[in-house]
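Work through the exercises below with the model open beside you. Try each task before you read its solution.

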Amino acid sequence: MKLTILGCYSATPRTLNNTTSQVLELNNHMFLIDCGEGTQVQLRKHKIKFNRIKHIFISHLHGDHFFGLVGLISTFRLLTRETDLHIYGPKGIKEVVTLQMKLADSWTNYNLIFHELTSDKSELIFEDEKAQVFTIPLNHRVYTNGFLFKEKEGDRKLDIEAVEEANIHVAYYRKLVQGFDVINEDGKTIKNELVTKAGLKPKSYAFCSDTMYKEDIVPIIKNVDALYHESTFLEKHAHLGPKTKHSTAKEAATIAKLANVGTLLLGHYSTRYDGLNAFKEEAQEVFSNVELSEDGKTFDF
Ligand SMILES: [Zn+2]
Ligand SMILES: [Zn+2]
């Protein structure tokens, strides 16, 4: 899995700071997560091919998370896109987007498929043979979901010595990596676990923005390899958290610790602060493996 941060600041785009958007590469997918203003410029800057984006996940309808969406949809049209585009987001997202297209008399020449979300429980919203995406219901000023991206269990690995020893014909190797028992050259059933080993551990990534501290997301994101959790404020502004329904770096770290995640990525910083180091320092008082998201930064996990 490779994550590219296109923007990780709250509120408004500035000369050097972009609002929320990121691209997650998972197997053959390029999932776009949130689409703040300027996302298409950031995509170009980081050489991400537009036509590889087939699924866009929008957490909520605050401008810093989706004001770039209509622009991107329109650019896809001008680039004569033909591939379907799936958009997952809160109920109302279809109305917002289609009203603009209607008034501009600029309908897309590709299929735009909306998956509007209304549930306050975690649900499976995307699945294919390699991956799954679930919602993570969050607590913000408007209806908001985070997203959990999970690889499925991959192929098993052949234990070549054991396979040869068991006298299995090469034609059955495919069945073996898929986890099936097979019949060997002597007509005997060979148990899969005797001749194969577990494959690579499937990876998982959770995106949680925007939200105030919400402990009941912990079971949903338990043991993920990486968690992006918003950290709008430092401790000195912790009192603003409940009012604006945002979190502090320390609260993000508490969630990371309770969920036993691999790495915590902080982001959605308020632009009132001069630097980012204090976010990391405060989070590390609670949880050690902390990384700072920064526009343009990539993470492999
Ligand atoms: Zn925001
Ligand atoms: Zn928001």
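**Exercise 1. Aromatic pairs**

Task: find how many aromatic pairs the chain has, and classify the pair of phenylalanine 76 and tyrosine 110.

Solution. The model is a predicted one. Start with the count: there are 15 aromatic pairs. Now take phenylalanine 76 and tyrosine 110. Planes over 60 degrees apart count as edge-to-face.

Phenylalanine 76 belongs to helix α3 (residues 69–78), while tyrosine 110 sits in the loop between α4 (93–103) and β6 (112–117). The pair therefore ties together parts that are 34 residues apart in sequence.

Then check accessibility. Phenylalanine 76 has a relative accessible area of 1% and is buried. Tyrosine 110 is at 4% and also counts as buried.

Finally, look for a group of rings. One aromatic cluster is formed by Phe31, Phe57, Tyr88, Phe126, Phe147, Phe149, Tyr205 and Phe301.

**Exercise 2. The chain as a whole**

Task: describe the chain by its helices and strands, its box and its buried share.

Solution. Count the elements: eleven helices and 18 strands. Take the extent along the principal axes: the C-alpha atoms fill a box of roughly 70 × 55 × 35 Å. Turn to burial: 51% of the 301 residues count as buried. End with contacts. Among those with a separation of 6 or more, 62% join residues 24 or more positions apart.

**Exercise 3. The annotated binding site**

Task: say which residues the UniProt annotation "binding site" covers, and what they coordinate in the model.

Solution. Begin with the record. The UniProt annotation, from an unreviewed entry, covers Asp64, His65, Asp210 and His268. These residues are spread over 205 residues of sequence, yet they cluster in space, with a largest C-alpha distance of 10.3 Å.

Now go to the zinc ion (ligand 1). Its protein donors are Asp64 (OD), His65 (NE2), Asp210 (OD) and His268 (NE2), at 2.1 to 2.2 Å. Along the chain, the donor residues are spaced D-H-x144-D-x57-H. Histidine 65 lies in helix α2, and histidine 268 in the loop between β16 (263–267) and α11 (277–284), so this pair ties together parts that are 203 residues apart in sequence.

Check the geometry last. The angles among the four donor atoms run from 91 to 165°. Tetrahedral would need all angles between 85 and 135 degrees. The site of the zinc ion (ligand 1) is irregular.

**Exercise 4. Histidine 65**

Task: is histidine 65 buried or exposed, and what does histidine 65 touch?

Solution. Locate the residue: helix α2 spans residues 63–66 and holds histidine 65. Read its accessibility: the relative accessible area is 0%. Buried means under 20%, so histidine 65 is buried. Its contacts, leaving out residues up to four places away in sequence, include Thr20, Asp34, Cys35 and Gly36. Asp210 and His268 are among them too. Histidine 268 counts as buried as well, at 1% relative accessibility.

**Exercise 5. Aspartate 210**

Task: describe where aspartate 210 is found and what its side chain contacts.

Definitions and conventions:
Residues numbered from 1 in each chain as written. Chains lettered and ligands numbered in written order. Predicted model: local features only at pLDDT ≥ 70, side-chain atom pairs only at ≥ 80, totals over all residues. Heavy atoms only, no water. UniProt positions renumbered as here; feature names shortened; annotations may be inferred. Helix = DSSP H or I, 4+ residues; strand = E, 2+ residues; numbered from the N terminus. Buried < 20%, exposed > 50% of the residue type's maximum accessible area, 1.4 Å probe, protein only. Contact = heavy atoms within 4.5 Å. Polar contact = N/O pair within 3.5 Å; in protein donor to acceptor, adjacent residues only side chain to side chain. Donors = N, O, S within 2.8 Å, 3.2 Å for Na, K, Ca; no water. Tetrahedral: all angles 85-135°; square planar, octahedral: opposite > 155°, others 65-115°. Phe/Tyr/Trp six-rings, centres within 6.5 Å; stacked < 30°, edge-to-face > 60°.
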